[in-house]
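Hi everyone, thanks for making time for this.

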Amino acid sequence: MSTNDQFRELIEAYAIGSLDASERAAFEAHLAGGCDDCVKALEEARWTVSQLAYLAPNAEPSDMLKGRLMQTVRAEAASGAKSESPVRKTAVPWWLWAGVAALLIFSVLSARNEQRLRQAVADLQHQAQVQQAERERLEAELGEAKTQAHEAMIWSDPNSVKIMLRPKDPKMPQLEAMWHPELGLCVRGWKVPSPGDKRMLQLWLIPKAGGKPMPSMTFWPDATGTFTAMVENPPQAMSETQALAITEEPAGGSAQPTSTPMWVGRVS
Amino acid sequence: MFLAAFSPKSSDDVSPDATLMEHLLRRDVGAFEELYERHSRIVYSLVLRILRQGATAEEVVQDVFLQLWRNSAHYDVSRPFLPWLLTLARNRALDQLRLKGERQRRREEQTEEFPQIASAAPEYEQALDEKRRAERVRTLIGSLPSAQKKAIELAYFEGLSHSEIAASLKEPLGTVKSWIRNGLLRLKEGLQAIS
């Protein structure tokens with residue numbers, strides 16, 4: 001018996017899977033060697049073996065099995081869940097995949113661009129806010145500088161008239177004011193006690209004609225009791241004013257004095 | 001050629017399978033459903049014969065058909081479909097048998113009856129050829145001596161090796177080898193005669 005004949009006797013047993021391990025290994029090595037006759041004979045033997053399934057008693061699977069299967073298959077067909085299957089490569093035209101890929105790339109790039117733009121806009125908004133805050137700070141400083149310069153001019157100008165405001169309470173400090181006929185009126189003081197809660201100090205111009213006190217600016221000292229206040233356009237002219245008075249008033253000021261003046265200074 | 005008689009192009013009962021498989025390659029759910037209708041009975045019968053437990057058999061059948069759906073591209077459309085499907089199902093069932101020690105469990109449930117035995121042949125035309133072929137296979141194998149038939153059944157439905165069959169039947173190893181080979185050759189000739 002030739003070697004080929006020996007292996008041909010193993011074909012049916014190999015096809016049904018009954019060869020013991022050593023014979024199976026030997027036969028597989030023979031097949032791997034490229035025996036076309038055995039390969040062809042094995043295909044026929046496998047077909048024959050498959051027909052043994054008809055020896056099984058007829059049986060029918062439940063309807064539920066089909067229901068489960070079809071539910072799964074329909075879901076996977078709808079969702080395209082089995083993307084690893086090569087079938088999908090042939091089921092969808094290449095140009096559609098290319099379109100999808102292009103759309104995907106475009107979407108990703110668009111998303112990135114949008115994100116970049118959003119970030120740029122946010123950065124610009126932040127920079128604008130910073131610049132706005134800086135501008136407001138500079139404007140405030142400029143305003144403060146202008147006020148200080150204006151006050152300095154009032155205090156230093158020879159045309160200004162100095163007014164001493166004496167306290168009613170001798171324990172209180174004396175205040176001083178400087179009034180320039182054109183630049184305005186300044187008042188300042190040191191070691192001035194803070195007014196009560198929700199109250200502030202208010203300047204009044206007492207007319208020479210004996211009319212009602214004219215309300216002017218409100219102010220309050222800082223933590224050290226220091227304050228400087230200025231009004232560029234007093235409610236009445238210095239020539240028409242008999243005296244200056246300061247009272248303690250509710251926050252926001254009053255239209256007419258609600259308390260006895262704490263300081264009074266005659267305008268000379 | 002012997003196989004040519006069962007090729008998709010020359011056999012009425014296989015050709016529709018090839019067409020359906022081509023549709024299945026395009027993810028045609030309808031083609032899958034028709035393939036299931038055509039072959040689920042023989043696949044289930046085979047798996048149930050191996051596992052002898054209805055619920056487990058249905059699980060395996062479900063796996064087999066899902067594999068068909070998900071990996072249809074692995075099927076060579078030039079080959080007969082049903083033998084390929086039956087081989088797939090048998091391998092899965094034998095794997096299950098070995099994996100879960102079903103053999104021992106099955107001995108304990110020898111009295112269990114086969115559930116849902118098909119009471120009548122399916123109505124479609126394909127079933128007629130299948131029925132005819134099934135009868136031929138049963139006749140051919142049934143004509144063998146009972147020990148030889150038993151040896152073939154142990155090999156096919158139990159997945160036993162020559163040595164295991166010889167031990168089970170208390171027969172010489174060489175005798176078992178001859179029984180299996182000769183029985184399959186006889187089946188081949190018998191089926192060739194009706195094709």
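Let's begin with one residue, Arg68 of chain A: Arg68(A) is partly exposed, and its relative accessible area is 34%. Please keep in mind as we go that this is a predicted model.

What does Arg68(A) pair with in a salt bridge? Its partner is Glu58(B), with N to O at 3.5 Å. This pair crosses between chains: Glu58(B) sits in helix H3 of chain B, residues 54-70, while Arg68(A) belongs to helix H5 of chain A. Glu58(B), for its part, is buried, with a relative accessible area of 9%.

Let's stay with helix H5 of chain A for a moment. Another salt bridge brings together the side chains of Arg74(A) and Glu33(B), at 3.7 Å from N to O. Since Glu33(B) lies in helix H2 of chain B, residues 29-51, and Arg74(A) in helix H5 of chain A, this pair joins two chains as well. Arg74(A) is partly exposed at 45% relative accessibility, and Glu33(B) is also partly exposed, at 25%.

Ala77(A) is partly exposed, with 30% relative accessible area. Which residues does Ala77(A) touch, leaving aside its neighbours within four places in sequence? They are Val29(B) and Trp69(B).

Over all chains, the structure holds 15 salt bridges. Here is one more of them: Glu12(A) with Arg181(B), where the closest N and O atoms are 3.2 Å apart. That pair also crosses between chains, from helix H2 of chain A, residues 11-16, to helix H9 of chain B, residues 173-194. Buried or exposed, where does Glu12(A) stand? Glu12(A) counts as buried, at 9% relative accessibility, whereas Arg181(B) is partly exposed at 22%.

Now for the strands. Chain A has an open sheet of eight strands with antiparallel pairing, in the order S5-S4-S7-S8-S1-S2-S3-S6. Strands S5 (214-219) and S6 (227-231) are at the edges with a single partner strand each, so one side of each has no neighbour in the sheet. On average, neighbouring strands here are turned by 20 degrees against each other, direction ignored.

How many bridges join S3 to S6 in chain A? There are five, and S3 covers residues 184-189. In one of these strand pairings, Leu185(A) has Val231(A) in S6(A) as its bridge partner.

Definitions and conventions. Residues numbered from 1 in each chain as written. Chains lettered and ligands numbered in written order. Predicted model: local features only at pLDDT ≥ 70, side-chain atom pairs only at ≥ 80, totals over all residues. Heavy atoms only, no water. Pairing = 2+ DSSP bridges. Helix = DSSP H or I, 4+ residues; strand = E, 2+ residues; numbered from the N terminus. Axes fitted to C-alpha atoms, helices over the stretch in contact; angles between N-to-C directions. Buried < 20%, exposed > 50% of the residue type's maximum accessible area, 1.4 Å probe, protein only. Contact = heavy atoms within 4.5 Å. Salt bridge = Lys/Arg side-chain N within 4 Å of Asp/Glu carboxyl O.
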